[in-house]
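Biologist: I'm new to this one and could use a guided tour. Could you show me how to read it, feature by feature?

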Amino acid sequence: MDQLVAICIDGVIYSSWLFTSAIGLTLIYGVMKILNITHGSFYALGAYTAASVTGTLLARGMEPLLSYLVLLGSAAAVALIVAPFLERGLLRFMYVKDEVVIMLITYACFLMLEDAIKLIWGVDPYFVAEPYGLLDSFEIGSLTYPNYNLLLIGIAAMSGLGLVYVLNRTRVGRLLLAVIHDPEISRAMGVNVDRFYLVTFSFGAFLAAMAGAFTAPTLSVVPAMGVDIIVLSFAVVVIGGLGSLQGAAVGAVIVGLVRSVSIHLAPELELFVIYFVMALVLAVRPRGLFSIAEARKI
Amino acid sequence: MKTKLLTLVASFSLALITTTSQADENAPIKVGVVTFLSGPAAGPFGVPARNAAEITAELLNAGKAPAPYAQKGFGGAPLQLVLVDEAGSTTTQVTEFRNLVQRANVDVVIGYISSGNCLAIAPVAEELKKLTVFFDCGTPRIFEDGSYKYVFRTSPHATMDSVGAALYAKDVKPNAKKFSGINQNYAWGQDSWSDFEGSMKQLIPAAQVGTSQMPKLFAGQYGAEISALLASGSDIVHTSFWDGDLEAFILQAGPRGLFKKSTVILTTGETAMYKLAAQIPDGVIIGARGPFGVFAPNNELNKWFSSNFTDRYNVPPNYAAYQMTQSFLGVKTAWEKAQAANGGKRPTPEQVISAFEGISFESPGGKVQMSLGKGHQAVMETAYGMTKKVSGKMTVEKVKRYPAETVNPPEGIKSADWIKNGFKK
Amino acid sequence: MSAQKEPSRPDESSLPRADSSVTTVLTIAGAVLLLSLAAPQWAKFLLTIALAKGLVVLGLLPQMRTGLVSFGQALYYCLGAYAAGLAAKWFAVSDLILMIFIGGSLAAVLALVVGVLLSRYRSIFYGLLSLALSMILYGLLVKTEALGSTDGFNVAPFTLFGYRPEQDSVRNVMLVVVTTIATVSALVIHRHLRTPLGRMTTAIRDNEIRLEYMGASARRVIYVNYVIGAVLAGIGGAIVAAAVGHIDPEMAYWTMSGEFVFMAILAGTASVLAPFLGAAIFSAIHSFAFDVSPNTWQMILGASLLLVIVFLPDGLWSLFRRAERS
Amino acid sequence: MDLIVSAEGLNKRFGAVTAAQDVTVGIERDSVVGLIGTNGAGKTTFINMVTGYLKPDTGRILFDGEDITQLSPREVTRRGISRSFQIAQLYNSLTVIENITVAISVVLDNADQSGFFSFTDPIVPGFEQRPHEVANMLLERFQLQAYRDRRAQILPGGVRKLLDIALTLVAKPKVLFLDEPTSGVSAQEKFGMMNMVMGNIRSQGGTVLFVEHDMEVINRFSDRVLAFYDGRIIADGPPQTTLSDPDVLKYVVGGHRAKG
């Protein structure tokens, strides 16, 4: 019983973390058809910025509770500075190219950003543990969980629901759906597609950076922390169906729960879980659970 | 691209020329230094080790080392370092090693943190007949599965860490009922756990295994694992986590009260104890993979090394740094012994090797004996202790030292078998 | 060779017949071999690895011509290496050719099965599924402590037709063997691409529906190309295993597959020689970057890839075409 | 009479839209049938169903007496039904000659002439010639020589149409559907083009069904006309009678004019 509860809680916590980390990827793919490897870089950038900035401010005697805003702020800063630079300066000239080629371009950028991060922050780890312990904790059975986890769940829920709302309930959202459906026609109809791409990319980057920023307090920020997150979020969004928000959510929940089950019952298997699920889902549904149907060719 | 190729060829031909000047006594000795300069292992091991290599070479060249290392460089000849990043696949590393030896024409290679790389490099070093000294990598397999002429390891292998940890666990919790582990799911983590588990079965036969968590390397998120550990109700929790994973584990386990519930053993905890002084409570068992850092003896050599290192880099040297300097001093000892035997002339690699085999020398970490693997594998004493904050400053108390022969298998017996047979000599 | 005339396009209309490219390939191969035999040891090794990896990239070429990029080629690269390594470890197989054969065949066996599934996939999903599969192999190997987990294990020195080459001639023997295999494979692929089946590869990328309306099975074409790719990857892996003398699960990790795609894009898919150029240049850049800036080599690597994609969309091979035209 | 294709009670709906209602028709061997009707009247849907791209909700399609209703385009094509497309479907990154080579390759491959080990040119089934001879013949017949080495991508509209049709002929189809062969071709050129196309098809025999909006072309080239409206066949017969049918005048010809 106790274990069942633990499995569920751990699963949910991990799922929400996965979702926050992956949602930006699926958003950018959904709109721009770019499988964005720099997603990992933004995750790392977010974490580094958050850790260093928050750390310094706290050292300067900032009110600890403000640190959450700082985390958010640093994520925004990263997105606002780096993302437009990348999209306007490079990617927009590449949209004509093949999906895979664009993916490789982002891979190249990822490599360079890896070293850039190293040049800026060095290789020593950064910590900003305060926000994690700040919010007290709750008990379930014999287990203690810091409330910070609830915050993470909240963030995941908000960013997910927020996006769904914007897409389906606002004018901008409908225009965006039009752009997704057919960029050319939308452009012909006077929609500023370029701006939509810029905003989407920046926002997707922001989501990645935010995931990094809010993960930072729970771990030590070290070089190459962005590498694993890439494949992980790829797996999640692919399971759910590339470009689908609810898909990403479902994918995250599936992976999260399966993982936590295996950890509690069969720790040995943890290593494969994600890829097994991914391969399994793809084998049954080649385009993922919530795949978007292809338009007729003739 | 073409120009780059040309540069390669050019650098090669240059190397050719430099080799001709080998004969000259005080020509610089080229030392290839291979450690992680990028990737997750750079911060905790790679870069401190590189720093140690640089400052050691510098001090030796300046002749600013205490006895018995007062002589300049190696036997009077200055040292010249060639750095290589250890990142990338073993294929890459083997390629780069060959480049070091045959293109950069180094006289000796000191390096390698990853056991995989050590295993891969050893036969190549034999093929190229190049003196190669591993300074950090842990796996006992190198000299237990193979036997090499040109390869040495001046740091003790990982078995010592697990056996030491188990011995200490027995000393502090002689009647533990349950012990668990959380180790990274790759060779280092798997070996560390199986050695620890094996030793515990010998030392505290009554104790049962609660759970053995094996998260993916660099997973970063250990919420579920920690729940499992908490639920297991273990008296002792063992982890060989290092670097980011170790720190993340501490950060996540602390608030959830794992350190209160169980006595946690961090076999590489020394690398994190200062950084996370605020998060590590008292009573956590930490090790330093040998008598390094906080466990280093209070002797001249240690004062010299740690003070110089700390002045230069503003952080005390961690065990990776100690091990790097230890390698340099080991080679220096062998080199100068050989040179003396060679009537003061620069010794041939073969002479250095025969001098190196089985010697013992002093390092900032204490006495090092090359007594395993036919005199190619070092053993040292090891030490474990418990964290204790003294006026907010992180220190260790209840330090226990275990002599080399109690924590290392005797020559010719594989670590695994040695543990299985109850540490019989 | 004639395939150079236009990038990523089969040449002219002639269906399989001996053509000028055979001689071209042979001459180039010969030249490479002669030059490299004179080269320093380290360069020989660099080239051996480059050619072996070039084989894997060559295996990617037909797939990429159909517009499909596998991000899991490392699956067969690693499988081939382990097959060869285990043959040596368990059955004391030491003959280089035999090891290579075993590596290639095992890859083929798996591909014949997996290919049935994978040939249903298109665009990015083809890549992602293959990636997942290679990561599963990675996981399995990491779990098998008997095989040294992530540390992997060493492969004993090889023999050739019963004799063990001298320490200093090992590199040469290796080089000759690899160059021969590479040459043969290049010619085989070149010919394959000019058979009726091969002709359809580019057609699939351009307009699969039209091809189906001509009565062709795109799946079959993709299946065949997939298996070919697997075999070449297996061979490449086996060679690397023998050359490096050590294998570990890293060979199946996604970054490895990324490296292969990297090489492929670098040189382009215009010619069956391009993959080898790509592999060689990549290794050169990599080694060079390691050399000049051990702390920021990724920067150099990334930048060079970016430059090539932006300024040479058809890969470095297009340089040769320009040279030819002018 | 000798039917090569017969459709029996085909129905097809896309949500609210009825694309085909009880379409029942038999096509005689070696006849030339014109299909007319406003856009969306169901002509292309009919073709798509017969060629296997769409499956009818109900009804069945017989080809030479065999039920091909559930077959895929590939299987249908292999049995001898080919089609050209309203928007020419070409291999855009390939040259004209290479496009034709692909078509020939498919035929050879289906005849199991992979030819990997044969170092002499194979013989193209149906033409009893070598690949390059067949290719050159088609280039000549469709007057494509001038474009031989141009990428399909950059060909003018009319030439794309011709190449598209040329590609369908390589398989020596028993039945050939031409979906608006002259769309995008100027009124003056239409007849010349149709003459060439029909001539080439006739020269190798076979049944032809073609969609056309220009009634003069229909009149001139078809010996039977099917008029579609709202997914149904509202008139069927020789050109003169069909084109003068009041419904046709009202729904098709008029509708077409209305569309301009």
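Modeller: Let's start in chain C, where helix 3 (residues 74-91) and helix 4 (residues 96-118) pack at an angle of about 130°, with their axes 8 Å apart. Helices here are DSSP runs of H or I with at least four residues, strands are runs of E with at least two, and both are numbered from the N terminus. Axes are lines fitted to C-alpha atoms, for helices over the stretch in contact, and angles run from 0 to 180 degrees between N-to-C directions.

Biologist: What does that angle make helix 3 of chain C relative to helix 4 of chain C?

Modeller: Oblique, because of that angle. Under 35 degrees is roughly parallel, over 145 roughly antiparallel, 65 to 115 roughly perpendicular, and the rest oblique.

Biologist: Before we go on, what kind of model is this, and how is everything labelled?

Modeller: It's a predicted model: local features need pLDDT of at least 70, side-chain atom pairs count only at pLDDT 80 or more, and totals for chains, interfaces and linings use all residues. Residues are numbered from 1 along each chain as its sequence is written, while chains are lettered from A and ligands numbered from 1 in the order in which they are written.

Biologist: Which residues meet between those two helices of chain C?

Modeller: Two residues are in contact if their C-beta atoms, placed from the backbone, lie within 7 Å. On helix 3 of chain C they include C:Tyr76, C:Leu79 and C:Gly80, and on helix 4 of chain C they include C:Met99, C:Ile100 and C:Gly103. The residues of this contact divide into 14 nonpolar, three polar and no charged. Ala, Val, Leu, Ile, Met, Phe, Trp, Tyr, Cys and Pro count as nonpolar, Asp, Glu, Lys and Arg as charged, and the others, Gly among them, as polar.

Biologist: How many residues of chain A are in contact with chain C?

Modeller: 29 residues of chain A touch 31 residues of chain C. Helix 4 of chain A gives the largest share of chain A's side, 13 residues. By class, that side has 24 nonpolar, no polar and five charged residues.

Biologist: And how many residues of chain A are in contact with chain B?

Modeller: There, 37 residues of chain A meet 34 residues of chain B. Helix 1 of chain A gives the most to chain A's side, with seven residues. That side divides into 20 nonpolar, nine polar and eight charged.

Biologist: How many helices and strands does chain B have?

Modeller: Chain B has 16 helices and 15 strands.
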